[in-house]
Amino acid sequence: SGIAVLAIDGPSASGKGSVAQRVADALGFAYLDSGALYRLSALAAKQAGVVWSDELGVACIAAALDVRFEVGLTLLNGRDVSAQIRSEEIGVGASQIAAFAVVRQALLARQRDFALAPGLVADGRDMGSVVFPQAELKIYLTASAKVRAERRYAQLIGRGDAADLAAITHDLQERDARDAARAEAPLRQWPDALLLETSDLSLDQVVEQVISWWKTRS
Ligand code: C5P
């Protein structure tokens, strides 16, 4: 399609979501949080009593997902689950079901439907490699494991959730290892993606860098 796509991939808690949302707003583009679809599938499976190891069961749930994204709100079957899908438990479940090819396949068309004029900013693990290989700009956004764990910790505490830094660090490492090691759409910095290391940058600086790369893309 002729729709402009900016793909931002990277590990958990790298700040992709905030960056992608801000860049989309600045460019007047739509925004796809692809991780939310994996989180929603994990939650919907749990609610339906389908265990996360049941790949066909979860794939059916993923294919039939009744979800609506509104500003700052994510609705599953008409109910607001924005906070629920951000829990560490659902994050771990999302990364378990994301390893299954049938589950990824079930979510593919739904993700591509987000590419509407004038353009799309999409964040995830395989935006540039699988879902939007034609993307005009691909960025691999990351930060050190320590900084990412601290960011996730601050996020949870800020929401009033209980959080344990050591447990979060452990979860992030496990999740990233699983996302990188899987056969299907592994998390990786592919050669056609620009590396953006954000450990020492503010959100504003990261957003500025992405927009400047977008404006000067070839
Ligand atoms: O980005 P987020 O942490 O919300 O994603 C949750 C999980 O969903 C990731 O750990 C990853 O396993 C999976 N995911 C994926 N491909 C994507 C987005 C997320 O496999 N494009």
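**A buried aspartate, and what surrounds it**

Let me start with Asp179, which is found in helix H8, residues 165-181. Helices here are DSSP runs of H or I with at least four residues, strands are E runs of at least two, and both are numbered from the N terminus. Before going further: this is a predicted model, where local features need pLDDT of at least 70, side-chain atom pairs count only at pLDDT 80 or more, and totals for chains, interfaces and linings use all residues. Residues are numbered from 1 along each chain as its sequence is written, and side-chain values use heavy atoms, with hydrogens and water left out.

Is Asp179 buried or exposed? Asp179 is buried, at 3% relative accessible area; buried means under 20%, exposed over 50%, and partly exposed in between, with a 1.4 Å probe and protein chains only. Its side chain makes a polar contact of 3.4 Å with the side chain of Arg125, and another, also listed at 3.4 Å, with the side chain of Arg182. A polar contact is a pair of N or O atoms within 3.5 Å; within protein, one must be able to donate a hydrogen and the other to accept it, and residues adjacent in sequence count only if both atoms are side-chain atoms. Not counting residues up to four places away in sequence, Asp179 touches Ser95, Arg125, Pro186 and Leu187, contact being heavy atoms within 4.5 Å.

Now the cores. A nonpolar core is a set of buried Ala, Val, Leu, Ile, Met, Phe, Trp, Tyr and Cys residues joined through side-chain atoms within 4.5 Å. The largest has 37 residues, and Leu40, Leu65, Val103 and Phe132 have the most contacts inside it. Helix H2 (34-48) is among the elements that each supply at least two residues of this core; the largest share, 8 residues, comes from H2. Apart from this core lies another, of 19 residues, including Leu137 and Trp214.

Last, the backbone. Most residues other than glycine have a negative phi, and most peptide bonds are trans. Ala117 and Pro118 are joined by a cis peptide bond, with omega about 5°, and Pro118 is found in the loop between H5 and S6. Ala13, in the loop between S1 and H1, has a positive phi, near 60°. Ala13 counts as buried, at 13% relative accessibility. Asn77 also has a positive phi, near 50°, and lies in the loop between strands S4 (73-76) and S5 (79-80).
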